[in-house]
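Morning, everyone. Please bring up the structure, and I'll walk you through it.

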Amino acid sequence: MRGPPFPLHLLHLLPVAAALAFAGAEAAKVPAIYVFGDSTADVGNNNYLPGSNAKANFPHNGVDFPFSRPTGRFSNGYNGIDFLAIHMGFRRSPPPFLSLTNKTNHQILRGLKGVNFASGGSGILDSTGSTITMTKQVQYFSTIRSNIMARIASEPTYRLLSKSIFLISSGGNDIFAYFTKNSSPNATEKVQFIGALVSKYENHLKALYVLGARKFGIVDVPPIGCCPYPRSLNPTGGCLDILNELSVGFNKAVKLLMHRLGSALKGMKHSVGSSYAVVSGIIRNPAALGYKEIKTACCGAGKFNGESGCTPNATYCSERHLYLFWDLLHPTHATSKLAGVAIYYGSQQFASPINFRQLVVDVN
């Protein structure tokens with residue numbers, strides 16, 4: 001967990017984030033937000049899938065969401081995408097795609113302001129998970145784009161999309177899936193796996209670019225080896241280092257990929273937000289950031305509350321704002337709020353080559 005300390009001056013922005021959320025934000029700074037990824041970004045798509053796999057639309061999830069409503073977010077309240085959307089002037093994340101499918105006209109109208117395609121359990125690779133793959137998420141976006149184009153014509157659609165923000169938060173589940181098959185990879189195997197993962201990521205990004213995306217906000221993978229679930233697997237109770245090593249390797253490769261694509265693809269702009277830097281900063285210096293518990297999840301069961309998920313029968317903590325983790329794998333509302341501030345307004349430690357605010361205000 002090396003690295004510079006968390007810049008405490010960013011903490012003064014937390015009340016700003018809270019006020020924006022309460023007031024329903026301000027005028028939107030971009031036309032729309034389109035969201036892709038896994039459970040770090042999902043706001044309810046998985047509610048519409050058959051079976052009970054990778055769902056969060058039940059208590060105690062959402063206990064701190066307006067009206068204590070479980071929406072399908074893997075959080076006690078908002079997730080990181082919600083806070084990034086609030087900073088961009090929206091009320092919270094755009095709605096889940098699958099909530100719009102039976103409302104054709106509504107779908108087009110909402111699509112003009114953004115849609116969230118993210119699906120908990122999914123990854124960058126099609127083989128990861130059994131929910132909505134990123135390939136499918138991009139196909140769903142293509143459908144929305146066609147609907148918008150039919151409504152407002154091609155040129156205005158391209159203009160709308162070029163000014164909109166495309167948020168992507170994925171990769172952690174691919175690393176977990178790889179670790180399940182190979183818990184002690186050698187150096188060559190690590191390089192091969194990360195190379196294959198980033199190559200597939202590149203395909204998704206290029207597909208979105210071809211469809212009109214120009215401004216990409218990428219959220220990297222946090223130190224997933226320090227989540228309560230991996231800790232519960234470790235006899236010492238420490239972080240599982242191999243998972244963090246794979247996360248670091250992947251994050252470095254993604255930064256290089258984005259730099260290369262930014263040079264090669266005309267008009268493409270990007271920011272890579274580092275959830276890795278945020279979470280590792282909290283773990284290094286919890287008290288300074290107002291945290292009391294950084295190992296045990298607020299909600300769950302077993303060692304570190306990390307052996308099973310946050311179900312209606314699970315116990316959950318009352319001081320949720322003092323916990324880094326909500327459940328066995330996901331951050332609390334408080335952690336997501338801090339991450340949103342750091343990635344949106346922060347220095348290059350938290351978002352590079354520019355932060356998300358600079359990406360938003362950058363005029364094409």
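Start with phenylalanine 304. Find the loop between strand E6 (299-300) and strand E7 (315-316); phenylalanine 304 sits there. Keep in mind that this is a predicted model. What is the phi of phenylalanine 304? It is near 60°, a positive value, and the residue is not a glycine. Most residues other than glycine have a negative phi. Is phenylalanine 304 buried or exposed? The relative accessible area of phenylalanine 304 is 18%, under the 20% cut-off, so it counts as buried.

Look for it in the loop between E1 and H2.

What kind of peptide bond joins proline 59 and histidine 60? A cis one, with omega about 10°. Most peptide bonds are trans.

Threonine 71 also belongs to the loop between E1 and helix H2 (80-87). With a relative accessible area of 12%, threonine 71 is buried. Which residues does threonine 71 touch? Leaving aside residues up to four places away in sequence, they are Val43, Gly44, Asn47, Asn57 and Phe65. There is also a side-chain link: a polar contact of 3.0 Å between threonine 71 and arginine 73.

Next, the sheet. How many strands form it? There are 6, in an open sheet. Read the order as E2-E1-E3-E4-E5-E8, with mixed pairing. At the edges are strand E2 (114-116) and strand E8 (351-352), and each pairs on one side only.

Strand E1 (residues 33-37) and strand E3 (residues 165-169) run parallel, joined by 5 bridges. As an example, valine 35 has leucine 167 in E3 as its bridge partner.

The bond between serine 352 and proline 353 is another cis peptide bond; here omega is about 5°.

On to the helices. H7 lies across E1, E3 and strand E4 (215-219). Its direction is at about 150° to E4.

H7 also packs against another helix. Two packed helices are described by the angle between their axes and the distance between the axes. For helix H4 (residues 134-152) and helix H7 (residues 187-210), the angle is about 0° and the axes are 10 Å apart. Angles under 35 degrees count as roughly parallel, so H4 and H7 are roughly parallel to each other.

Which residues meet there? From H4, we have Met134, Thr135, Val138 and Phe141. From H7, the residues are Lys200, His204, Ala207 and Leu208. By type, this contact splits into 5 nonpolar, 2 polar and 1 charged.

How values were computed: Residues numbered from 1 in each chain as written. Predicted model: local features only at pLDDT ≥ 70, side-chain atom pairs only at ≥ 80, totals over all residues. Heavy atoms only, no water. Axes fitted to C-alpha atoms, helices over the stretch in contact; angles between N-to-C directions. Helix = DSSP H or I, 4+ residues; strand = E, 2+ residues; numbered from the N terminus. Parallel < 35°, antiparallel > 145°, perpendicular 65-115°, else oblique. Contact = heavy atoms within 4.5 Å. Nonpolar A, V, L, I, M, F, W, Y, C, P; charged D, E, K, R; others polar. Pairing = 2+ DSSP bridges. Buried < 20%, exposed > 50% of the residue type's maximum accessible area, 1.4 Å probe, protein only. Polar contact = N/O pair within 3.5 Å; in protein donor to acceptor, adjacent residues only side chain to side chain.
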